[in-house]
Amino acid sequence: MIKVKRIFVLVISFIMAIFCVYPIIYAQGVETIKLLAPQTESSKPLMQALKERKSLREFSPKELPLQVMSDLLWAANGINRPGSGHRTAPTAMNLQEIDIYVAKADGLYLFDAKANVLLQVAAEDIRALTGSQPFVKDAPVNLIFVADLSKMSKTSADDINFYSGTDTGFISQNVYLYCASAGLATVVRGWIDKPALSKAMKLRPDQRITLAQTVGYPKN
Ligand SMILES: Cc1cc2nc3c(=O)[nH]c(=O)nc-3n(C[C@H](O)[C@H](O)[C@H](O)COP(=O)(O)O)c2cc1C
């Protein structure tokens, strides 16, 4: 009888664990998008991409295919020398302090260049908060460049601003050139309500938004 009682308690505990723990894990909605290896072979010549680089502010709502998203992020700030972990964009003292967040309709993601994945950090669509211009809410992708000040603890206040701004500029230009070569529209943006966006992104006090950049197919 005691044995039957024990088995009963065990079965009930198992069922409770499934019903109580699973929804907690599921509710966190942590989703990882595995990015593809960049396609570095077929592309427009650099001089052609430079000729076509421009800001566009009208976007089609069409999603970017996974290969395009993968190539975009690798071009922006991916690892191009796996041996040393150095990136496609330079940073002062190789601080690598700029993180790229990606705001899409299905949530907010962080680009992890080392693992070549997009880590979901929120399941809400915060695109409308990524800038003060109407097109940001409809474009499929808004990149948000965020300086991680914890990596700049030995940098003076002046240099924090200078380096994080400059380092973001290199990444942004990489995005511009990739977009020119892939037939995508893009515009870098400083017109952002940064306190509201930081709050929506749940950033730490030592994280600072520098710029954002909208990417998508051109309208029509
Ligand atoms: C630091 C910076 C901030 C910018 N902020 C905005 C912005 O908030 N909104 C916008 O529509 N364009 C913005 N732009 C894009 C410029 O308006 C654009 O680069 C400029 O008009 C030149 O056009 P082009 O990029 O086609 O050569 C910004 C550009 C830079 C470099």
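Where does Q96 lie? I found Q96 in the loop between β3 and β4; helices (H or I, at least four residues) and strands (E, at least two) are DSSP runs, numbered from the N terminus.

**Entry 1: the model.** I noted that residues are numbered from 1 along each chain as its sequence is written. This is a predicted model, in which local features need pLDDT of at least 70, side-chain atom pairs count only at pLDDT 80 or more, and totals for chains, interfaces and linings use all residues. I looked up pLDDT, the predictor's confidence in each residue, from 0 to 100. The protein chain averages 90, and 86% of the residues score at least 70. Over residues 14-28 pLDDT stays under 50, and the model has zero contacts there beyond four places in sequence. Two residues are in contact if their C-beta atoms, placed from the backbone, lie within 7 Å.

**Entry 2: the chain.** I listed five helices and nine strands in the protein chain. Along the sequence the pattern reads α-β-α-α-β-β-β-β-β-β-α-β-α-β. Of the 220 residues, 34% count as buried. The cut-offs are 20 or more other C-beta atoms within 10 Å of a residue's own for buried, 12 or fewer for exposed, and anything in between for partly exposed, with C-beta atoms placed from the backbone. Taking contacts between residues at least 6 apart in sequence, I read that 73% join residues at least 24 apart.

Entry 3: I went back to Q96, which has a positive phi of about 50° although it is not a glycine. Most residues other than glycine have a negative phi. Q96 counts as partly exposed because 19 other C-beta atoms lie within 10 Å. N94 is in the loop between β3 (86-87) and β4 (98-104). N94 also has a positive phi, near 50°, and is not a glycine. With 11 other C-beta atoms within 10 Å, N94 is therefore exposed.

Entry 4: Is α3 mostly covered or mostly open? I counted ten of its twelve residues as buried, so to that extent α3 is mostly covered. Among them are V68, M69, L72, L73 and W74. The cover over the buried residues of α3 includes β3, β4, β5 (107-112), α4 and β9 (207-216). The end C-alpha atoms of α3 are 17 Å apart, which agrees with the 16 Å that twelve residues should span at 1.5 Å a residue; the expected span is 1.5 Å times one less than the number of residues.

G78 sits in the loop between α3 (66-77) and β2 (79-81). G78 counts as buried because it has 22 C-beta neighbours inside 10 Å. Leaving out residues up to four places away in sequence, I found that G78 touches P38, L73, R87, T88 and A113.

**Entry 5: α4.** I checked helix α4 (residues 157-182), which has 26 residues. From first C-alpha to last, α4 reaches 38 Å, close to the 38 Å expected. G183 follows α4 and has a positive phi, near 75°.

**Entry 6: the ligand.** Which residues are around the ligand? I listed K54, S55, R57, Q133, V187, V188, R189, G190, W191 and L211, where near means a C-beta atom, placed from the backbone, within 6 Å. Strand β8 (residues 185-189) gives the largest share of this shell, three residues. By class, I have four nonpolar, three polar and three charged residues in the shell. Ala, Val, Leu, Ile, Met, Phe, Trp, Tyr, Cys and Pro count as nonpolar, Asp, Glu, Lys and Arg as charged, and the others, Gly among them, as polar.
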